[in-house]
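Me: I'm new to this one. Can you walk me through it?

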Amino acid sequence: MNLRNFIDILSLIIFFLFLGNTRVILASTQRYITWDDIKVDYNSLDQNGNGDSVTVQGAVDMVPLHNSQRVRIFIRPGTYREKVFIPASKPFISLIGNENQARRIIITGNSKASDKDKYGNVLGTYNTATVAVESDYFCATGITIEGCDLYSVAEDNIGISGAIAAQQRNSADEDTGFSFIDCKISGSGSILLGRAWGEYSRIIYSNCYFDGLISPEGWFDWNQLSRRKHAVF
């Protein structure tokens, strides 16, 4: 089943080219995330619309490896047709758009598991994300992350065409999780809120709006009943 799923992200902490520019801004940081980490001083921005990169990934690539300061990447209105990857070696990154123009700041991709990379290798589910984040202390706001014609990101045999999020947490000692705050999730077809990718998977939606596309089951435990004892959904 084809699924057009549009996720407006007003505040996303996590498991997302042609128009607009991005701006990289350095600031002091701490070992946790605050509301200040998703804010920028608009007076400090180039009022002519000039930026450091014309793509979101280009701005991410400019962030130093193993940086210890919060880096705020301000994204101007536009459609960015690209896949964004933030590696574990680049923590403390914020992707920030104007929250009043979130529908005009779009990162979009349409990869599916059967697609092949430039080397001819099949992507598989793991590599199909529009925005993939492996780093600590990541957050984003005022952005629309769009997955066009998303065919499947979950098991086909459960009759549902995908999941919004799959957070991997294998131990109670891991301080990780996904938090979606003030989001709008819409589209067509049937989709899960999330999958328990790991025994202690943890995903929270707070003050979010959902269209009628969410499957009544809500969550999928990947047929591992023990995950129901430890996962937090």
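Here is a short chat about the structure shown above.

Me: What kind of model is it, and how many helices and strands are there in the protein?
Reply: The model is predicted. The protein has 2 helices and 18 strands.

Me: What pLDDT does the protein average?
Reply: The average is 79. Of the residues, 81% score at least 70.

Me: Where is confidence lowest, and where is it highest?
Reply: The lowest is strand E2, residues 11-13, with a mean of 30. The highest is H1, at 96.

Me: Over which residues does pLDDT stay under 50?
Reply: Residues 1-20 are one such stretch. The model has 111 contacts beyond four places in sequence for residues 1-20. Residues 149-158 also stay under 50. For residues 149-158 there are 22 such contacts. Where pLDDT is low, the predicted coordinates should not be read in detail.

Me: OK, switching to burial. How many of the residues count as buried?
Reply: Of the 233 residues, 46% do. The protein exposes about 11800 Å². Carbon and sulfur atoms supply 48% of that area.

Me: Which residues touch the most other members in the largest nonpolar core?
Reply: They are Ile73, Ile75, Ile86, Ile93, Leu95 and Ile143. The core has 20 residues.

Me: Which elements give two or more residues to this core?
Reply: Helix H1 (56-61) does. So do strands E4 (70-75), E6 (84-86), E7 (93-96), E8 (105-109), E9 (131-133) and E11 (143-147).

Me: Take leucine 95. What is it in contact with, leaving aside neighbours within four places in sequence?
Reply: Leucine 95 contacts Val56, Ile73, Ile75, Ile86, Phe138, Cys139, Ala140, Thr141 and Ile143.

Me: And what lies apart from that core?
Reply: Another core, of 12 residues. Among them are Phe180, Ile185, Leu193 and Tyr205.

Me: Back to E8. Why is it largely enclosed by the rest of the structure?
Reply: Because 5 of the 5 residues of E8 are buried. In a regular strand the side chains alternate between the two faces of the sheet. Both faces of E8 are covered. Ile105, Ile107 and Gly109 are buried on one side, and Ile106 and Thr108 are buried on the other.

Me: Which strand pairs with E8 over 4 bridges?
Reply: Strand E5, residues 78-81, in the parallel sense. Glycine 78 has isoleucine 105 of E8 as its bridge partner.

Me: What is the strand order in the open sheet of 3 strands?
Reply: The order is E12-E15-E18, with parallel pairing. Strands E12 (163-168) and E18 (219-220) stand at the edges. Each has a single partner strand, so one side of each is left without a neighbour in the sheet.

Me: Over how many bridges do E15 and E18 pair?
Reply: Strand E15, residues 192-197, pairs with E18 over 2 bridges. Glycine 194 stands opposite tryptophan 219 in E18.

Me: New topic. How many disulfides does the count come to?
Reply: The count is 0. Cysteine 208 is in no disulfide. The nearest cysteine sulfur, on cysteine 183, is 4.2 Å away. A disulfide needs the sulfur atoms within 2.5 Å.

Me: Is cysteine 139 buried or exposed?
Reply: Cysteine 139 is buried, at a relative accessible area of 1%.

Me: Last one. Where does valine 54 lie?
Reply: Valine 54 is in the loop between strand E3 (22-27) and H1. Valine 54 is partly exposed, with a relative accessible area of 49%. Its C-alpha atom is 9.7 Å from that of arginine 76, 22 residues apart along the chain.

Methods
Residues are numbered from 1 along each chain as its sequence is written. This is a predicted model: local features need pLDDT of at least 70, side-chain atom pairs count only at pLDDT 80 or more; totals for chains, interfaces and linings use all residues. Side-chain values use heavy atoms; hydrogens and water are left out. Buried means under 20% relative accessible area, exposed over 50%, partly exposed in between (1.4 Å probe, protein chains only). Accessible areas come from the Shrake-Rupley method with a 1.4 Å probe; for residues, only the protein chains shown count as cover. A nonpolar core is a set of buried Ala, Val, Leu, Ile, Met, Phe, Trp, Tyr and Cys residues joined through side-chain atoms within 4.5 Å. Contact means heavy atoms within 4.5 Å. Two strands pair if DSSP finds at least two bridges between them. pLDDT is the predictor's confidence in each residue, from 0 to 100.
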